[in-house]
Amino acid sequence: MKKKSKYKPRGVRYDNMSWLIAGMKKVGNLPTAGVALKLKNREALDSILTGQGTKEHVDVLISAVNMSEALIRIRDDLGRDWAEEIRAAQDAVYAMGVRGYEKGSFLFTGPEMTAVKLIMDLHDSQLDECTVREMEQALFIVEEELRMRKARSIVKTRTAQSPLPCA
């Protein structure tokens, strides 16, 4: 019996120049990536602030806060001096997620809400300043943290649903 080869060919880029130029564009100016992402983040925050938040809204907030942390790891001028505030927002989202699973509704306390609103503003300005390539690098950092199980997870104890990751 003949063995199967482990060779897997790489993907082919048909237009290298467009790919290179797209990586240098600012994320905040792109209609599908930047503007839609900002709207999605703000919609999730508004839903939670009005008391209509769901698990999906919490996932969006967790992703936004984790992306803020990853972006400051990539480039210092994207908010390195906000590292403590980002950590406070991560703690706030984590605490809200734990309470949400226990009580059934996802609501912030006053200081938690202030911390998360501040970081959402920071995240919007980071999206305006970062390039598509830096955004891809930040996504890779977040995925790697999740894969290596370095992130805290919010686990619902009575069912085996997927946990919410939170760094």
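Colleague: By class, which residues does the lining of the largest pocket have?

Modeller: On a 1 Å grid over the protein atoms alone, a pocket is an open set of points where a 1.4 Å probe fits, with protein on both sides within 12 Å along at least five of seven lines; lining residues have an atom within 4 Å of a point. Ala, Val, Leu, Ile, Met, Phe, Trp, Tyr, Cys and Pro count as nonpolar, Asp, Glu, Lys and Arg as charged, and the others, Gly among them, as polar. Here the lining has five nonpolar, one polar and two charged residues: Trp19, Leu20, Ala22, Gly23, Met24, Val132, Arg133 and Glu136. Two or more of these residues come from each of helix 1 (16–24) and helix 6 (132–147), and helix 1 gives the most, with five. Helices are DSSP runs of H or I of at least four residues, strands runs of E of at least two, numbered from the N terminus.

This is a predicted model, in which local features need pLDDT of at least 70 and side-chain atom pairs count only at pLDDT 80 or more, while totals for chains, interfaces and linings use all residues. Residues are numbered from 1 along each chain as its sequence is written, and side-chain values use heavy atoms, with hydrogens and water left out.

Colleague: Is Met24 buried or exposed?

Modeller: Buried means under 20% relative accessible area, exposed over 50%, and partly exposed in between (1.4 Å probe, protein chains only). Met24, in helix 1, counts as exposed because its relative accessibility is 57%.

Colleague: Which residues touch the most other members of the largest nonpolar core?

Modeller: A nonpolar core is a set of buried Ala, Val, Leu, Ile, Met, Phe, Trp, Tyr and Cys residues joined through side-chain atoms within 4.5 Å. In this core of 21 residues, they are Val93, Met96, Phe108 and Val116. Contact means heavy atoms within 4.5 Å; beyond four places in sequence, Val93 is in contact with Ile62, Val65, Phe108, Val116 and Ile154.
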